[in-house]
Amino acid sequence: MAIALMSGCTPEAGRSPAAAGAVPAPGAASVAPSPALAGLDAATKKACDELLDAVKETAASVAKAEKIGPPAGHYAVGAAYQAGAAQLSAASIDATDKRVLAAVDQVSAAMQDLDAAQQKDPEGKPSKAKLKSAVAELKEACAA
């Protein structure tokens with residue numbers, strides 16, 4: 001994709017006139033379904049599966065790291081949150097739905113905030129409410 005952009009090609013360049021938004025062929029439906037009614041595309045659905053798996057894996061890693069206990073365990077907890085945020089970023093690459101992408105950003109930001117809070121106060125118990133809310137929003141966006 002990057003090579004195509006650098007060479008001046010756009011995704012529209014390789015499409016047929018019908019795919020690029022030209023007048024539909026006779027007999028075709030005159031009204032296209034709205035994106036809201038069409039649901040998520042296949043790539044975004046696949047990304048959602050990977051994203052939700054990443055959230056589960058991160059929660060399991062954090063729970064395991066929390067068992068180490070303070071003060072050393074805060075490094076492991078922070079690393080689990082950072083790894084989870086990175087995994088979310090990688091899994092979201094093929095997602096195209098703006099709502100899903102916004103939800104991923106919120107989950108990632110919440111994970112990074114929890115890492116920062118954990119590093120600031122190794123013996124503290126930062127609230128996970130923001131993360132829980134962001135995960136709920138991601139699940140809702142992926143259910144569309």
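User: Let's start with the whole chain. What percentage of the 144 residues count as buried?

Analyst: Keep in mind that this is a predicted model. Of the chain's 144 residues, 28% count as buried.

User: And what is the pattern of the chain, read along the sequence?

Analyst: It reads α-α-α-α-α-α, with six helices and zero strands. As for contacts with a separation of 6 or more, 70% of them are between residues 24 or more positions apart.

User: How do I describe two packed helices, and what is the case for helix 4 and helix 5?

Analyst: The general idea is that you give the angle between the two axes and the distance between those axes. Here, helix 4 (residues 73-91) packs against helix 5 (residues 98-120) at about 165 degrees, and their axes are 9 Å apart. An angle over 145 degrees counts as roughly antiparallel, so helix 4 and helix 5 are roughly antiparallel to each other. The crossing of helix 4 past helix 5 is left-handed.

User: Which residues of helix 4 meet helix 5?

Analyst: On the helix 4 side you have His-74, Tyr-75, Val-77, Gly-78, Tyr-81, Gln-82, Gly-84, Ala-85 and Leu-88. Their partners in helix 5 include Val-104, Val-107, Met-111, Asp-115 and Gln-119. Sorted by type, the residues of this contact are nine nonpolar, eight polar and one charged.

User: What about the largest nonpolar core: which residues touch the most other members?

Analyst: Generally, in soluble globular proteins nonpolar side chains tend to be buried together. In this model the largest nonpolar core has 28 residues, and Leu-88, Val-100, Val-107, Leu-131 and Leu-138 touch the most other members. Helix 3 (42-66), helix 4, helix 5 and helix 6 (129-142) each give two or more residues to this core. Take Val-100: leaving aside neighbours within four places in sequence, its contacts are Leu-40, Thr-44, Cys-48, Leu-51, Ala-95, Leu-138, Ala-141 and Cys-142.

User: Now a single residue. Is Thr-58 buried or exposed?

Analyst: For this you check relative accessibility, and under 20% means buried. Thr-58 comes in at 4%, so Thr-58 counts as buried. This residue lies in helix 3. Not counting residues up to four places away in sequence, Thr-58 touches Ala-80, Tyr-81, Gly-84, Gln-87 and Met-111.

User: And what is the relative accessible area of Ala-129?

Analyst: It is 47%, so Ala-129 is partly exposed. Ala-129 lies in helix 6.

Terms used
Residues are numbered from 1 along each chain as its sequence is written. This is a predicted model: local features need pLDDT of at least 70, side-chain atom pairs count only at pLDDT 80 or more; totals for chains, interfaces and linings use all residues. Side-chain values use heavy atoms; hydrogens and water are left out. Axes are lines fitted to C-alpha atoms, for helices over the stretch in contact, and angles run from 0 to 180 degrees between N-to-C directions. Helices (H or I, at least four residues) and strands (E, at least two) are DSSP runs, numbered from the N terminus. Angles under 35 degrees count as roughly parallel, over 145 as roughly antiparallel, 65 to 115 as roughly perpendicular and the rest as oblique. A crossing is left-handed if the near helix is turned anticlockwise from the far one by less than a right angle, and right-handed if clockwise. Contact means heavy atoms within 4.5 Å. Ala, Val, Leu, Ile, Met, Phe, Trp, Tyr, Cys and Pro count as nonpolar, Asp, Glu, Lys and Arg as charged, and the others, Gly among them, as polar. A nonpolar core is a set of buried Ala, Val, Leu, Ile, Met, Phe, Trp, Tyr and Cys residues joined through side-chain atoms within 4.5 Å. Buried means under 20% relative accessible area, exposed over 50%, partly exposed in between (1.4 Å probe, protein chains only).
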